[in-house]
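Welcome, and please load the model in your viewer. We will go through it one selection at a time, beginning with the whole chain and ending with single side chains.

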Amino acid sequence: MAAVPTDSGSRPAAGARFFCTAGRGLEPFLMREVRARLAATQVEYISGKVFFTTCSDLNMLKKLKSAERLFLLIKKQFPLNVSSVSKGKILSEIQRLINDDPESWLNAISTWKSLLELDAKKDKLFQRAANPLKRKVEENDIINAKKLKTEQLQELQESGECPLEKQTEEETQEQDFFTEREKSQEAFQNDVVKAADAKNQNNLTFRVSCRCSGAIAKTFTAQEVGRITGIALMKQFGWKADLRNPNLEIFIHLNDIYSVVGIPVFRIPLASRAYIKTAGLRSTIAWALASLAEIQAGAFVLDPMCGLGTILLEAAKEWPDVYYVGADVSDSQLLGAYDNLKAAGLKNKIELLQVSVIGKICLVPVPNFARFMKLPGSVFGKSEGNVGSDELGTCHCLQKVSMLLFLTFHLGKSLS
């Protein structure tokens, strides 16, 4: 691996500098993904992290599937020299991460603030575009309600009753309700904008999250490094520490290979999929395995040991114009997979079957000359060939390959 050069997180002309954490072995997948999905440049990696430059906004960055977490880069440099050095000198080296180049910190904060403001503006424009339709519906509801009340009032007046005070009070309550609802929506939008605007003020609050390994971990704990960094930040920029609900989080990773400092872009990790109710296989690994199958539109894809259906979910989200089938022998796994499909809104995209791999009958009807593929690059190696079915449509393919992970049947026609 090439030596780690010093890298600042300031915003270059071509875009902002980010890095993602990734599971071991997933770095090549993430490098390909950021190039394809974000048109990223200056893509490089070190163990567990991929660095890249992109002009993409937060909505595009959220779509990364093989990344664990996303950070805005502040600084990347060579590891701290801790061999045969006193503890005081190491402490000084940690403080120099902040004091030597404060401009890189301010530039990163400015970039982070700009990303938040842009995202807030897009949300506000989207809400404005949706508001006219909502207001029209609300106005129609009010008009219909008033017509009904007018008819009721006429009937009551004909009968000799006159509840004008009651009607006026009800109309006032209705108007107050809609006014309060509009105010609450505007207040929510203002809170988002204010949160973005407050990020660059002197009263900004922060906390430091540290990870130490190697020689540095034998001298300082992560808590000690965090405390040293926090004090240096307060002295340098006048920020206030808040461990519970800060505006800003600083992430520091120190080991024998590199020293990296960044800002988490999202509080929730990218690997935490909102559409997966019950996690099975790690979502990033599931997406990587699905990408290895090189799924094309119109294909027939079978996961014969689908478990909770994580691979199928990731595949169906990424490649929707495909027919998916999941099979498993376990009742509990299939029930969990069904709950996941229901939560993700993919019940009509993926079919589930109960199948025994070691049995003589497979419940999946397949074409007479289907082709199977075991994922290349997986721990199971690579294997491919032709399989057939008998006149009754019974498939014997699962008995041919003992560790088959994915089956791709090319039907020669589009199923979309």
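## The whole chain

Start with a surface view: the accessible surface of the chain comes to about 22,600 Å², and 52% of it belongs to carbon and sulfur atoms. Keep in mind that this is a predicted model. Now switch to a cartoon, where you will find eleven helices and 15 strands. Of the 416 residues in the chain, 42% are buried.

## The nonpolar cores

Next, select Phe52 and Ile250, the residues with the most contacts inside the largest nonpolar core, which has 78 residues. Which residues does isoleucine 250 touch, not counting those up to four places away in sequence? Show Ile74, Trp105, Arg207, Val208, Ser209, Leu233, Val261, Gly262 and Ile263 to see them. Then pick out another core that lies apart from the largest one; it has eight residues, including Phe19, Ile46, Phe71 and Phe251.

## Arginine 69

Move on to strand S5, residues 69-77, and select arginine 69 in it. Is arginine 69 buried, partly exposed or exposed? With a relative accessible area of 22%, arginine 69 is partly exposed, because the buried class ends under 20%. Leaving aside neighbours within four places in sequence, arginine 69 contacts Phe19, Cys20, Thr21, Pro264, Phe266, Arg267, Pro269 and Leu270. Zoom in on phenylalanine 266, whose backbone oxygen lies 3.4 Å from a polar atom of the arginine 69 side chain.

## The cysteines

One of those contacts of arginine 69 is Cys20, so select it now: cysteine 20 is buried, with a relative accessible area of 0%. Then go to cysteine 212, which also counts as buried, at 18% relative accessibility.

## Helix H8

Last, select helix H8, residues 283-292, which is mostly covered, with eight of its ten residues buried. Colour the buried ones: Ser283, Thr284, Ala286, Trp287, Ala288, Leu289, Ala290 and Leu292. Then step just past the end of H8 to glutamate 294, which takes a positive phi of about 50°.

How values were computed:
Residues are numbered from 1 along each chain as its sequence is written. This is a predicted model: local features need pLDDT of at least 70, side-chain atom pairs count only at pLDDT 80 or more; totals for chains, interfaces and linings use all residues. Side-chain values use heavy atoms; hydrogens and water are left out. Buried means under 20% relative accessible area, exposed over 50%, partly exposed in between (1.4 Å probe, protein chains only). Helices (H or I, at least four residues) and strands (E, at least two) are DSSP runs, numbered from the N terminus. Accessible areas come from the Shrake-Rupley method with a 1.4 Å probe; for residues, only the protein chains shown count as cover. A nonpolar core is a set of buried Ala, Val, Leu, Ile, Met, Phe, Trp, Tyr and Cys residues joined through side-chain atoms within 4.5 Å. Contact means heavy atoms within 4.5 Å. A polar contact is a pair of N or O atoms within 3.5 Å; within protein, one must be able to donate a hydrogen and the other to accept it, and residues adjacent in sequence count only if both atoms are side-chain atoms.
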